[in-house]
Amino acid sequence: MKRFIFLAMILASLFNFISCSNDNDNPTPPTPPVAQSRGAYIINQGNYYSHIPGSISYLNTVDSTVTDSVFLAANGVQPGNTLQQGLVYGSHFYAIAYESNVFFACDKSSLHIQKELQVDAPRAMAAAGKYIYISNYSGTVTRIDTTTMSIDGTVSVGPNPEELTVQGDYLYVTNSDGLNYTKGYENGKSVSKISLSSFQVVKTIPVGLNPTKIKSASDGNIYLVAMGDYGATPAKIQRISPDDQVTDMMEATMFDVHGNYLYAINSVTDWKTYETKNTFIKYDLRTGTSSEDFIFPLSGYPIAINIEPVSGDIYITNFNAGAYGADYSGDGYVCRYSNADGKLLGTYKTGVNAVQLVFVY
């Protein structure tokens, strides 16, 4: 959400550069998990205005315990200002911090830093083959070769790109125009389609206003959230077909996909009363039918939804309530729900502004 752009962290200590580990000269894509995750790294973005740094927590999904600040414990430094996103790929855990302009690669288990690179206002990551792709808010996508841990290419896309996803031979990138909020994100109405082989934009796909989140699905389609203008134009989920046709689906502000289902939340705050209304939607990608009572009631101030890929358990991160709506400066929490029946399985404390769970196997 664009309102989170301004929830940045205080400046943290610069990392000591450490040479890249020998990940092997010809890495192969990670083996698909065969058992439920042993845990998840929780990406806590922090809050710039309250001078609260970001952090990474670890949720043990086996014994349901949370360990705070595991990155700090492993390296002696915080993971940069405005921690945006994490990614587990192969033997590494990767993360980016927007305000610090930093990308770092860590050992997946220990979180010890193995390599740090300077990048340009990074927002999100995706992986394919031997490459990590990073969207930069300056209007580009950077490609990092994981065999050398070096930047080997950059391509221009639309204004202020956000999330990106891989489907088949292409990389899809949302262009939000997020910094142009005074003019209603007027240039933020597209998705850039990039050929993985040529690393060039081959098509610009018109979509709804202010697209941000995007994911690929097993049905061959791409799904995205066009966030609108947080007022007269509501957020909605759209589908991009393999032939690049765009279809409106439902109003929602966040989502994830798992197997044949899309799980979405429409969280709408009335900024006059600070009251937030949440609707949870489970949508069958095969039949086009949906249910709004799978998880009910869904209270609080949700930030993000992530589905554990094997069990399908649903994790929703939240702000606690403050004096006026959400408490953006305090610790939040994550709720875990069963994929089978929507039953609440546990509630766990997180850090400030938990924007993502990254599952580890």
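This is a predicted model: local features need pLDDT of at least 70, side-chain atom pairs count only at pLDDT 80 or more; totals for chains, interfaces and linings use all residues.
A salt bridge here is a side-chain nitrogen of Lys or Arg within 4 Å of a carboxyl oxygen of Asp or Glu.

A salt bridge here is a side-chain nitrogen of Lys or Arg within 4 Å of a carboxyl oxygen of Asp or Glu.

## Salt bridges

In total, the structure holds 10 salt bridges.

| Arg 123 | Glu 162 | 3.0 Å |

Let's begin with Arg 123 and Glu 162, whose side chains meet in a salt bridge. This pair links distant parts of the chain: Arg 123 belongs to strand β8 and Glu 162 to strand β12, 39 residues apart. Both Arg 123 and Glu 162 are buried.

Asp 256 sits in strand β20 and Lys 215 in strand β16 (residues 211–216), so the pair ties together parts that are 41 residues apart in sequence. The cut-off for buried is under 20% relative accessible area. Asp 256, with a relative accessible area of 9%, is therefore buried, while Lys 215 counts as partly exposed at 22% relative accessibility.

Asp 284 is buried, with a relative accessible area of 8%.

There is also a network of salt bridges, which links Lys 193, Lys 203 and Asp 244.

Strand β9 (residues 131–136) is mostly covered, with 6 of its 6 residues buried. In a regular strand, side chains alternate between the two faces of the sheet. On one side of β9 are Tyr 131, Tyr 133 and Ser 135, on the other Ile 132, Ile 134 and Asn 136, and all of these are buried.

Which strands join β9 through bridges? Strand β8 (residues 122–128) runs antiparallel to β9 and is joined to it by 6 bridges. Within that pairing, Ala 128 has Tyr 131 as its bridge partner in β9. The hairpin of β8 and β9 has 2 residues between the strands, and Gly 129 takes a positive phi near 60° there.

Strand β10 (residues 140–145) is also antiparallel to β9, again with 6 bridges. Here Tyr 131 is partnered by Asp 145 in β10. The hairpin of β9 and β10 has 3 residues between the strands, and Gly 139 in its turn has a positive phi of about 110°.

In strand β21 (residues 261–270), 7 of the 10 residues are buried, so the strand is largely enclosed by the rest of the structure. Strand β20 (residues 254–258) runs antiparallel to β21, with 5 bridges joining the two. With 2 residues between its strands, the hairpin of β20 and β21 includes Gly 259, which takes a positive phi near 60°.

Strand β22 (residues 275–284) also runs antiparallel to β21, joined by 10 bridges. Ile 265 has Phe 280 as its bridge partner in β22. The hairpin of β21 and β22 has 4 residues between the strands, and Tyr 274 takes a positive phi near 65°.

Trp 271 lies in the loop between β21 and β22 and counts as partly exposed at 40% relative accessibility. Together with Tyr 274 and Tyr 324, Trp 271 forms a nonpolar surface patch with about 370 Å² of accessible area.

## A four-stranded sheet

An open sheet is formed by 4 strands with antiparallel pairing, in the order β12-β13-β14-β15. At its edges stand β12 (161–167) and β15 (200–206), each with a single partner strand, so one side of each lacks a neighbour in the sheet. Neighbouring strands of this sheet are turned by 25° against each other on average, direction ignored. Between β13 (residues 170–175) and β14 (residues 190–195) there are 6 bridges, and Val 173 stands opposite Ser 192 in β14.

## Cysteines

How many disulfides does the structure hold? The count is 0. Cys 106 is buried, with a relative accessible area of 0%, and Cys 335 counts as buried at 8% relative accessibility.

How values were computed. Residues are numbered from 1 along each chain as its sequence is written. Side-chain values use heavy atoms; hydrogens and water are left out. Two strands pair if DSSP finds at least two bridges between them. Axes are lines fitted to C-alpha atoms, for helices over the stretch in contact, and angles run from 0 to 180 degrees between N-to-C directions. Buried means under 20% relative accessible area, exposed over 50%, partly exposed in between (1.4 Å probe, protein chains only). A disulfide is a pair of cysteine sulfur atoms within 2.5 Å. Patches are made of residues with over 30% relative accessible area and no salt bridge: like charges are joined within 9 Å, nonpolar side chains (Val, Leu, Ile, Met, Phe, Trp, Tyr) within 5 Å. Accessible areas come from the Shrake-Rupley method with a 1.4 Å probe; for residues, only the protein chains shown count as cover.
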